[in-house]
Amino acid sequence: MEFTDPQRKKITSMLMRMETDPFYPPCEKLTMNLSEKYSRRISIHDRIVFEIREAPGYKGEVYVLRLRGHYKGVHSLLILRMAQRLQPY
């Protein structure tokens, strides 16, 4: 199943915002075996699951682990490099 055009626009907007401020609300810190990861809602069924890592020459990198579904089978799909210091809300 593909994302709809409005969902694609929402995802693009969210990813662009995450490049400068990945913790902008609403952002959920996950728990248990995903404790270093965060989630942001795309739709009732889909989430952007991501983590932040330090990176040489940058303030950090956002690793997008999942765009469809919830939290099973997370793996790196996309890396966004951060230009500013990362501070969670």
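Glu-61 lies in strand 4. The model is predicted.

**Strand 4 and its pairing**
- Strand 4 spans residues 60–66, and six of its seven residues are buried, so the strand is largely enclosed by the rest of the structure.
- Strand 3, made up of residues 47–53, pairs with strand 4 in the antiparallel sense.
- Five bridges join strand 3 and strand 4.
- Within strand 4, Arg-66 is the bridge partner of Val-49.

**Glu-61**
- The side chain of Glu-61 makes a polar contact with the side chain of Tyr-63, at 2.8 Å.
- Between Glu-61 and Pro-22 the sequence separation is 39 residues, while their C-alpha atoms are 9.7 Å apart in space.

**Lys-37**
- Lys-37 is located in strand 2, which covers residues 37–41.
- A polar contact of 3.2 Å links the side chain of Lys-37 to the side chain of Glu-51.

**Points to check in the viewer**
- Which side chain does the side chain of Glu-61 contact? The partner is the side chain of Tyr-63.
- Which side chain makes a polar contact with that of Lys-37? The side chain of Glu-51 does.

Notes:
Residues numbered from 1 in each chain as written. Predicted model: local features only at pLDDT ≥ 70, side-chain atom pairs only at ≥ 80, totals over all residues. Heavy atoms only, no water. Buried < 20%, exposed > 50% of the residue type's maximum accessible area, 1.4 Å probe, protein only. Helix = DSSP H or I, 4+ residues; strand = E, 2+ residues; numbered from the N terminus. Pairing = 2+ DSSP bridges. Polar contact = N/O pair within 3.5 Å; in protein donor to acceptor, adjacent residues only side chain to side chain.
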